[in-house]
Amino acid sequence: MARFLLPLREGRTEPGPFSPAALFVSAVVAAVVVNLVTEPMVVLSLFFLVLIGGTVARTRWRAVLGLAARFEFVVLFWVLLEPITYGQTVVGVIQTPWGPLPVYREGIRMGILLGLRMVTILTTVLAALSHMTLSDLIGALQTIRLPGIILGSLVIMMRYLPVFMEERRRMEDALALRGLQTGSRRERLRALGSMVGTTIDRAFTRSEAVYDAMKLRGFSGCVPVTAAGLRRTDVLLLMLLGLFALAAFYVFPAVVVL
Amino acid sequence: MTCAIDIIDLNFRYDSFALRDITTQLHIGEQKAVVGLNGSGKTTLFKLIVGLLRPLSGEVYVLDRRVTPEDLWEIRQQVGFLFQNPEDQLFAPTVWEDVAFGPQNMGLSNEEVEDRVVEALSTVDLLDLADRPVNQLSHGQAKRVALAGVIAMRPKVLLLDEPFAGLDFPMVEAVVDTIERLRRRGVSVLYTTHSRFFLENWADSVLVLESGRVVYDGPADEALREPRVLGQVGDWGRLRESIHRSRTVPLDIDAGLGADMEP
């Protein structure tokens with residue numbers, strides 16, 4: 001699953017010091033805090049703070065950063081878009097076939113800020129998730145009262161997305177074995193189009209079969225997950241979160257000014 | 001009560017008729033093989049028994065209770081259905097959670113759910129895989145976990161759709177052993193197969209479907225004397241002769257594959 005979606009742990013694991021619900025909520029709150037910071041250097045400092053904290057907590061950085069890196073296009077899109085769309089102070093001009101494109105100082109700063117925010121938020125949330133199993137995550141979402149129908153859909157999606165990806169890979173292999181790469185571009189596009197159609201068709205057929213199997217075992221729209229609840233040690237997490245906010249709004253800005 | 005399943009004049013159609021005038025019984029403690037070519041209606045029949053499909057006409061009774069939309073959950077607690085493809089049946093993150101899904105939906109206490117999961121996984125000899133993610137199971141293991149999920153609901157009747165499809169011999173042995181253990185506890189079994197071996201050795205009676213109609217319904221030992229039954233499970237003698245004939249023809253390596261290939 002980690003290869004496709006989230007860096008969740010697999011199987012059943014020993015419970016960590018904090019409840020999954022507290023961990024999940026803390027990650028979301030930390031993301032909000034990062035989102036409120038307007039100074040790029042402060043966001044960068046928070047990013048390093050997350051890295052240090054995660055290392056102390058033995059986060060599986062390879063899985064986390066590997067997944068975060070998949071969002072590079074989204075991040076780069078904003079980093080590169082802002083300098084040419086936002087601001088008033090022109091610092092340079094890019095010559096394009098369609099005419100000159102001004103680059104703004106404010107846009108460069110905004111692009112860097114947005115990019116750093118996105119990377120920090122992604123890393124924080126993924127790092128928190130890397131300490132949970134899917135069941136922990138479902139339990140956490142149950143604890144924060146997410147509707148059962150959404151939880152049910154989430155469970156199915158998380159379970160079957162890798163299956164569909166595998167299926168698509170097998171179809172790609174089958175096409176390659178029959179010379180997909182040597183065909184004309186038009187043929188390749190047609191084959192890939194058919195593959196997408198087949199994948200959707202198979203996904204639909206399988207989802208029907210899975211739904212049948214679930215109905216036979218009493219599924220009525222909700223997955224029977226026991227809400228994980230909270231633990232006393234979560235108070236410590238709350239304190240750490242407070243320190244994070246303190247660093248974000250007071251300590252790091254003061255250091256940056258100095 | 002003598003019938004685990006009683007089917008009377010059952011008709012069903014998708015675009016055209018899939019099942020026509022099906023009448024048969026599965027007696028309590030009986031093991032019945034359902035035989036037929038692909039598309040003959042075997043899986044459709046199973047889906048009608050557990051109410052996943054609604055018949056065009058006719059009646060299905062499970063343990064003397066008519067299958068109606070109102071009673072489906074009660075019926076489904078009595079009848080376990082093992083799909084042909086376990087990939088369609090397992091959906092929870094781990095083996096343990098998947099097996100626990102049915103008992104949890106039955107409203108049992110956590111202790112009772114745990115007892116049932118341990119019992120079911122022990123029955124299929126997979127207790128040591130309880131914590132494994134279901135997407136890391138081999139096909140044979142997935143099949144047995146799917147069976148454990150069914151067993152955990154302690155059904156009185158089992159419907160097994162191609163229970164041995166795609167399994168290697170040790171896995172076939174393991175599944176047979178598991179189902180035999182259940183049968184000895186009085187569970188009635190209805191299963192589909194294409195294998196003559198299982199027809200000869202592992203069925204009290206046989207139901208043969210051909211294009212959605214019953215062409216034989218009777219004792220297993222008499223079934224293989226019926227030419228229409230042989231047509232469904234394969235005339236292996238004829239195939240052996242065909243292969244033998246083909247292999248006596250000299251090789252023509254230079255010919256390659258092409259339009260002039262003789263049948």
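These exercises work through ring pairs and the chain contact in a predicted model.

**Exercise 1.** Classify the aromatic pair formed by Phe46(B) and Phe81(B), then find which parts of chain B the pair ties together.

*Solution.* 
Step 1. Take the distance. The ring centres lie 5.8 Å apart. The cut-off for a pair is within 6.5 Å.
Step 2. Take the angle. The planes stand at 80 degrees. Over 60 counts as edge-to-face, and the pair is edge-to-face.
Step 3. Place the residues. Phe46(B) lies in helix 1 (residues 42-49) of chain B and Phe81(B) in strand 6 (residues 79-82) of chain B, so the pair ties together parts 35 residues apart in sequence.
Step 4. Phe46(B) and Phe81(B) are both buried.

**Exercise 2.** Which residues of chain B do ring pairs link into a cluster, and how many aromatic pairs are there over all chains?

*Solution.* 
Step 1. Name the members: Phe164(B), Tyr191(B), Phe197(B), Phe198(B) and Trp202(B).
Step 2. Give the count. Over all chains there are 13 aromatic pairs.

**Exercise 3.** Describe the contact of chain A and chain B.

*Solution.* 
Step 1. Count residues. Chain A gives 23 residues and chain B gives 31 residues.
Step 2. State the area. About 2,500 Å² is buried between the two chains, and carbon and sulfur atoms give 56% of that.
Step 3. Look for charges. Two salt bridges cross the interface. In a salt bridge, the side chains of Asp88(B) and Arg206(A) meet at 3.1 Å, N to O.
Step 4. Find the main contributor. Helix 8 of chain A gives the most to the side of chain A that touches chain B: eight residues.

Methods:
Residues are numbered from 1 along each chain as its sequence is written. Chains are lettered from A and ligands numbered from 1 in the order in which they are written. This is a predicted model: local features need pLDDT of at least 70, side-chain atom pairs count only at pLDDT 80 or more; totals for chains, interfaces and linings use all residues. Side-chain values use heavy atoms; hydrogens and water are left out. Rings of Phe, Tyr and Trp (its six-membered ring) pair if their centres lie within 6.5 Å; planes under 30 degrees apart count as stacked, over 60 as edge-to-face and the rest as tilted. Helices (H or I, at least four residues) and strands (E, at least two) are DSSP runs, numbered from the N terminus. Buried means under 20% relative accessible area, exposed over 50%, partly exposed in between (1.4 Å probe, protein chains only). Contact means heavy atoms within 4.5 Å. Buried area is the accessible area (1.4 Å probe) that two parts lose on being put together, summed over both. A salt bridge is a side-chain nitrogen of Lys or Arg within 4 Å of a carboxyl oxygen of Asp or Glu.
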